[in-house]
Amino acid sequence: MNELRKILMSDPIVSSINVHPSQEPFVDLVHFDPDIVVDQSLSNRSRYFSFVRFSVANKLSLAKRFLPKGIRFLIKEGYRPLHIQQRAFERALQRVKENSSNQDLDYLMAEASKYVAPPNVAPHPTGGAVDLTLIDSNGIELDLGTPFDAIPQETDYATFFDATNITVQAIQNRQILAHALQSVGFVNYFTEWWHWSYGDRYWAVMTNADQALYNPVSEQELFNLLQKA
Ligand SMILES: C[C@@H](N)C(=O)N[C@H](C)C(=O)O
Ligand SMILES: [Zn+2]
């Protein structure tokens, strides 16, 4: 893993990034590359949950070449509609509010954004983000230190990419994941080992890009982009 810059999604530097919106099409990871496996467990969130921008899918295909033999990516979620992001963020905010003596709104927003991105900067609704883990040749998930989508505050922050309160094997597996994905230009959100993105505002901050490439799109807009492709 490259040196970690620890910037939260709620940091004003993320919302200050301009987007030069691309009309890049979306593709379905279910059909993109036979070596990339999609877990259907979050398919109830959107009929497009396994869709991402074309460049994201292409980068995943390139990244698989950096994995050890027999190890594959298991995709958990790509596109997420804005209304689901909104609801998830409200719940996360409510949870930290109930569990904190500090009721300052900036503090609560920062704590909530360790688990869910504020909707105005959220990567998943842009099609630039992907949540994923690793599986072996039998399709069994590798030990990455915590279950996928565990809440940081409920795991003693073991979800943080550079956590040390996990096994040596899990640390090594995180390095395998990071090596493959960073080699093709993805950036990680440091609070969640499974969250990687390209082209969104967070990616622009972390790579010092002048601007982000992808705006959030509604399911209808995503559908329209599929018709044009
Ligand atoms: C909720 C979690 N799976 C997630 O996706 N978090 C990131 C930060 C997000 O909301 O984009
Ligand atoms: Zn994510």
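The legends below describe close-up views of one predicted model.

Residues are numbered from 1 along each chain as its sequence is written, and chains are lettered from A and ligands numbered from 1 in the order in which they are written. In this predicted model, local features need pLDDT of at least 70, side-chain atom pairs count only at pLDDT 80 or more, and totals for chains, interfaces and linings use all residues, while side-chain values use heavy atoms, with hydrogens and water left out.

**View 1. The open sheet has five strands.**
The strand order is β2-β4-β5-β7-β6, and the pairing is mixed. Strands are DSSP runs of E with at least two residues, helices are runs of H or I with at least four residues, and both are numbered from the N terminus. Two strands pair if DSSP finds at least two bridges between them. The edges of the sheet are β2 and β6, each of which pairs on one side only. β5 and β7 pair in the antiparallel sense over three bridges.

**View 2. Strand β4 spans residues 72–77.**
Five of the six residues of β4 are buried; buried means under 20% relative accessible area, exposed over 50%, and partly exposed in between, with a 1.4 Å probe and protein chains only. Strand β2 (residues 37–38) pairs with β4 in the parallel sense over two bridges, and Val38 stands opposite Ile75 of β4. With strand β5 (residues 129–135), β4 pairs in the antiparallel sense over five bridges. Here Glu77 stands opposite Asp131 of β5. In a regular strand the side chains alternate between the two faces of the sheet.

**View 3. Three residues coordinate the zinc ion (ligand 2).**
The donors are His124 (NE2), Asp131 (OD) and His195 (ND1), at 1.9 to 2.0 Å. Donors are N, O and S atoms within 2.8 Å of the metal (3.2 Å for Na, K and Ca); water is not among the atoms, so sites may look incomplete. Along the sequence the spacing of the donor residues is H-x6-D-x63-H. His124 counts as buried because its relative accessibility is 2%. Asp131 is likewise buried, at 2% relative accessibility. The bridge partner of Asp131 in β7 is His195.

**View 4. Ligand 1 is surrounded by 13 residues.**
The closest are Arg80, Gln85, Tyr115, Ala117 and Asp149; a residue is near a molecule if one of its heavy atoms lies within 4 Å of it. A polar side-chain atom of Arg80 lies 2.7 Å from an oxygen atom of ligand 1. In the side chain of Gln85, an N or O atom is 2.9 Å from an oxygen atom of ligand 1. A nitrogen atom of ligand 1 is 2.6 Å from an N or O atom in the side chain of Asp149. Of the 320 Å² of accessible area that ligand 1 has on its own, the protein covers 97%. Accessible areas come from the Shrake-Rupley method with a 1.4 Å probe; for residues, only the protein chains shown count as cover.

**View 5. Arg80 sits in the loop between β4 and α4 (82–98).**
Arg80 is buried because its relative accessible area is 10%. Its side chain makes a polar contact with the side chain of Gln85 (2.8 Å). A polar contact is a pair of N or O atoms within 3.5 Å; within protein, one must be able to donate a hydrogen and the other to accept it, and residues adjacent in sequence count only if both atoms are side-chain atoms.

**View 6. The largest nonpolar core has 52 residues.**
A nonpolar core is a set of buried Ala, Val, Leu, Ile, Met, Phe, Trp, Tyr and Cys residues joined through side-chain atoms within 4.5 Å. Those with the most contacts inside this core are Leu60, Phe73, Ile75, Leu132, Leu177, Leu181 and Tyr202. The elements that give two or more residues to the core include α3 (54–63), β4, β5, α6 (168–183) and α7 (201–207). α7 gives the most, with five residues. A second, separate core of nine residues includes Ala92, Val96, Ala112 and Ile151.

**View 7. Tyr157 and Asn208 lie in loops.**
Tyr157 is in the loop between β5 and α6 and has a positive phi of about 65°. It is partly exposed, with a relative accessible area of 30%. Asn208 is in the loop between α7 and α8, has a positive phi of about 60° and counts as exposed at 62% relative accessibility. Most residues other than glycine have a negative phi.
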